[in-house]
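Welcome! Take a look at the sequence and the structure, and then let us walk through them together, one topic at a time.

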Number of protein chains: 2
Amino acid sequence: MGPDATVDFMAKVIAATSAENDQDHARMLVDHNPKVPNRQAALLGDGEDPGPALAAMARGLQDAGAGFLVMPCNTAHAFADEIQAAVSIPLVSIIDVTVDACRDKGAVGVLATDGCLQTAIYQDALAQADIDCVLPNTGEIQELMRLISAIKAGERSEAVALRMRDVANAQVAKGARAIIAGCTEIPLVLTEDLLDVPLVSSTDVLAEITAAIASGAHPIQ
Amino acid sequence: MGPDATVDFMAKVIAATSAENDQDHARMLVDHNPKVPNRQAALLGDGEDPGPALAAMARGLQDAGAGFLVMPCNTAHAFADEIQAAVSIPLVSIIDVTVDACRDKGAVGVLATDGCLQTAIYQDALAQADIDCVLPNTGEIQELMRLISAIKAGERSEAVALRMRDVANAQVAKGARAIIAGCTEIPLVLTEDLLDVPLVSSTDVLAEITAAIASGAHPIQ
């Protein structure tokens with residue numbers, strides 16, 4: 001959804017693929033559609049419902065021949081049921097694969113958009129996996145939203161990265177032993193070397209699983 | 001076709017777009033298909049014809065709702081007529097827009113694949129625009145092919161960039177007053193600051209025109 005997040009995701013799928021030549025790489029049918037109504041606004045009750053647009057995109061990709069779907073936008077997974085209902089191919093959930101990657105790390109801090117946190121999609125999936133979670137408070141969420149907007153506008157400065165690190169460290173101070181980058185804009189500035197705990201990047205986890213499914217090395221869940 | 005070239009092209013379309021939020025960005029329907037039969041091999045008479053696969057991809061994008069087509073692979077433009085014949089929407093030619101960007105620069109040196117140079121698509125378009133061209137010799141073409149293969153395999157070292165610069169400079173020594181990066185892998189290592197003459201990157205020119213057409217600022221030719 002965020003334009004750079006899609007490109008970042010594709011680059012990570014390519015990097016995660018073992019290939020000796022072009023033909024070894026996975027084919028990706030991509031509907032890079034930044035015109036989907038704002039997910040965040042809709043979830044906060046203040047904007048057009050993006051569900052029908054997302055469902056139509058899913059159907060278009062299925063019609064074009066896609067064997068499975070991935071969506072490198074965490075917040076949009078609030079509409080996952082509506083998307084899945086529109087197609088017969090599976091949507092591999094970024095939420096589920098990211099939570100799976102958090103097992104045995106202890107309590108995890110979740111950095112995500114306001115809308116994503118309000119729908120509790122991460123909280124529910126973590127609870128189901130018996131993983132404790134630590135959530136940003138209202139002020140921290142407001143800071144996250146300012147930073148995500150800046151990243152979407154092309155900002156990649158060290159200052160933004162360090163402010164993102166501060167929000168992550170606030171969760172560590174509250175007991176988090178790992179941090180989920182639960183918005184695909186976050187890994188565009190926040191890298192694990194900035195933290196004292198593991199960073200679970202939802203983009204990276206989904207890219208690795210996408211490459212593995214496409215190459216036949218991993219079953220679709 | 002080269003996986004990184006597609007991602008590089010998309011990133012450049014996004015960068016060339018004036019946008020204040022996600023929704024201002026252009027929608028791109030992308031068939032990222034590294035499995036198209038090798039264009040280079042086919043043009044040299046030693047491989048499966050990629051024309052039918054390219055035509056089918058074009059039809060798929062038209063069916064998915066695309067308003068125009070672009071293909072960030074110069075060599076594949078040897079099959080442009082077959083692609084255009086398969087659809088009713090226009091294919092904006094990377095060759096034509098790149099040659100257009102070379103006017104008033106004097107003679108241009110063309111760095112491209114062996115297959116692309118043998119089909120003379122650049123030479124013909126330059127001749128029609130009354131632009132003199134300087135071509136790499138057999139040894140220089142062999143070096144170019146080694147470098148392009150290395151870039152496709154993920155190589156981005158300074159050594160590769162400097163060897164690419166040497167091939168460019170050999171054209172300058174033969175009279176070129178500008179260099180066309182006529183293969184979308186080349187700008188992944190060769191940048192204008194490495195040269196004493198202007199570099200016309202086919203990727204950059206096509207990305208700028210794509211963003212301008214998508215925003216309505218430029219007519220489709």
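B:His77 sits in the loop that links α3 (51-63) and α4 (80-86) of chain B; helices (H or I, at least four residues) and strands (E, at least two) are DSSP runs, numbered from the N terminus. This is a predicted model, in which local features need pLDDT of at least 70, side-chain atom pairs count only at pLDDT 80 or more, and totals for chains, interfaces and linings use all residues. Residues are numbered from 1 along each chain as its sequence is written, chains are lettered from A and ligands numbered from 1 in the order in which they are written, and side-chain values use heavy atoms, with hydrogens and water left out.

**Confidence**
- The model scores ipTM 0.88 and pTM 0.91.
- Chain A has an average pLDDT of 94, and 99% of its residues score at least 70; pLDDT is the predictor's confidence in each residue, from 0 to 100.

**The histidine in its loop**
- Is B:His77 buried or exposed? Its relative accessibility is 5%, so B:His77 counts as buried (buried means under 20% relative accessible area, exposed over 50%, partly exposed in between, with a 1.4 Å probe and protein chains only).
- Leaving out residues up to four places away in sequence, B:His77 touches B:Met71, B:Val92, B:Ser93, B:Ile94, B:Ile95 and B:Ile121; contact means heavy atoms within 4.5 Å.

**The sheet of chain A**
- Four strands make an open sheet with parallel pairing, in the order β3-β2-β4-β5 (chain A); two strands pair if DSSP finds at least two bridges between them.
- In general, strands of a sheet pair through backbone hydrogen bonds, either parallel or antiparallel.
- β2 (residues 108-111) of chain A pairs with β3(A) over two bridges, and A:Val108 has A:Cys133 as its bridge partner.
- On to β4(A): four bridges join it to β2(A), with A:Val110 opposite A:Ile180.
- Three bridges join β4(A) to β5(A), where A:Leu199 is the bridge partner of A:Ile179.
- Both faces of β4(A) are covered, with A:Ala178 and A:Ile180 buried on one side and A:Ile179 and A:Ala181 buried on the other.
- Helix α9 (residues 158-173) of chain A lies across β2, β3 and β4 (178-181) of chain A, at about 145 degrees to β2(A); axes are lines fitted to C-alpha atoms, for helices over the stretch in contact, and angles run from 0 to 180 degrees between N-to-C directions.

**Nonpolar cores**
- The largest nonpolar core has 72 residues, and A:Val99, A:Ile180, B:Val99 and B:Ile180 have the most contacts inside it; such a core is a set of buried Ala, Val, Leu, Ile, Met, Phe, Trp, Tyr and Cys residues joined through side-chain atoms within 4.5 Å.
- Apart from that core lies another, of 23 residues, including B:Leu147 and B:Met164.

**Cysteines**
- How many disulfides are there over all chains? The count is zero, where a disulfide is a pair of cysteine sulfur atoms within 2.5 Å.
- A:Cys102 is buried at 0% relative accessibility, and its sulfur is 10 Å from the closest cysteine sulfur, in A:Cys133, which is too far for a bond.
- A:Cys183 is buried at 5% relative accessibility, and its sulfur is 6.9 Å from the closest cysteine sulfur, in A:Cys73, again too far for a bond.
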